[in-house]
Structures are given as C-alpha cells and as structure tokens.
Amino acid sequence: MNYGKNFFSLFCLFILISCGNQTPKRFPNKRSEMAVAMRNMTDAMLKTKSSLTQSEITLLKFKSFKNKKFTDTSFESDWFANMSDVLLNNAKYFDNNPSIETFHTVVQTCQSCHENTCPGPLQQIQDLYIE
C-alpha cells in the first residue's frame, strides 16, 4: 500500500518537472528557406541593435531573400517582392549611414510588411526598437 503512494508521488513529481522544463520556442514555424532567411535577419538585427550603443557598429549586410521558398505559399506576391526590395534598400542605407534613426527605418519596414502578411513575429519586431 505504501508503494502505491510512493509511485503516485513520483509520477506526479515527474509530470511537474516535465511540464516546467518546457521553454517557449523562439521560432515556432517549420524551417523553410524564407523562415531561415527571416531568422538570420532577426539575429543580425539583434546584434546590430546592441552594437548601436557601442563604439563599433555591426552592419546588417542583408542579401536578397525574395526568391526563397515560403513556409506558406499564400504569402508569395508581387507586394512581398516589392517590400523585400524596400527592406534591402533601407538596410543598405543603414549600412552606409548607421544610426539609431536609420536602424529604426529598417525595423519599421519589417513591421509594415508583417502587419500586412504574417503578424506572428510582430512582438519580436517591436522589441528591436531602441528606446
């Protein structure tokens, strides 16, 4: 009878530990070419954001991504292709004129695109702004 209580207690403890060890996924979607490109740009922007308060600024150096395969093909459109060109131009402008203001222009471009297509990462994008 004592074994039953001990087993039940251990089982409950195991469940609590298992549930408590789960961390939220930073990137919950599949790894399509576009998803990987977006994740790489996010990582670059995080590095650049932290470098803007340092003496040596990390440039973005974004490469074209508009021909990458999407996780969801419904996002493929001329509008997206145009927005990706705007982002690349703004990122290039930042690289040639690095400042918090030009960085915020890049962040705003990301936000504008995601507000109209894929709103999932909007909070992550909001976190890129420097206060």
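The model is predicted: local features need pLDDT of at least 70, side-chain atom pairs count only at pLDDT 80 or more, and totals for chains, interfaces and linings use all residues. Residues are numbered from 1 along each chain as its sequence is written, and side-chain values use heavy atoms, without hydrogens and water.

**S77.** S77 sits in the loop between α2 and α3. Helices are DSSP runs (H or I, at least four residues), numbered from the N terminus. S77 is partly exposed because its relative accessibility is 36% (buried is under 20%, exposed over 50%, partly exposed in between; 1.4 Å probe, protein chains only).

| Pair | Distance |
|---|---|
| S77 C-alpha to K66 C-alpha | 9.8 Å |
| S77 side-chain polar atom to F80 backbone nitrogen | 3.0 Å |

**α3 and α4.** α3 packs against α4 (residues 100-116) at about 170°, with the axes 8 Å apart. Axes are lines fitted to C-alpha atoms over the stretch in contact, and angles run from 0 to 180 degrees between N-to-C directions. The two helices are therefore roughly antiparallel (an angle over 145 degrees).

**Core.** The largest nonpolar core has 24 residues. Such a core joins buried Ala, Val, Leu, Ile, Met, Phe, Trp, Tyr and Cys residues through side-chain atoms within 4.5 Å. α3 gives the most to this core, with six residues. Among the residues with the most contacts inside the core are L60, L87 and V106. Beyond its neighbours within four places in sequence, L60 is in contact (heavy atoms within 4.5 Å) with residues including M45, A91 and V106.

Methods:
Polar contact = N/O pair within 3.5 Å; in protein donor to acceptor, adjacent residues only side chain to side chain. Parallel < 35°, antiparallel > 145°, perpendicular 65-115°, else oblique.
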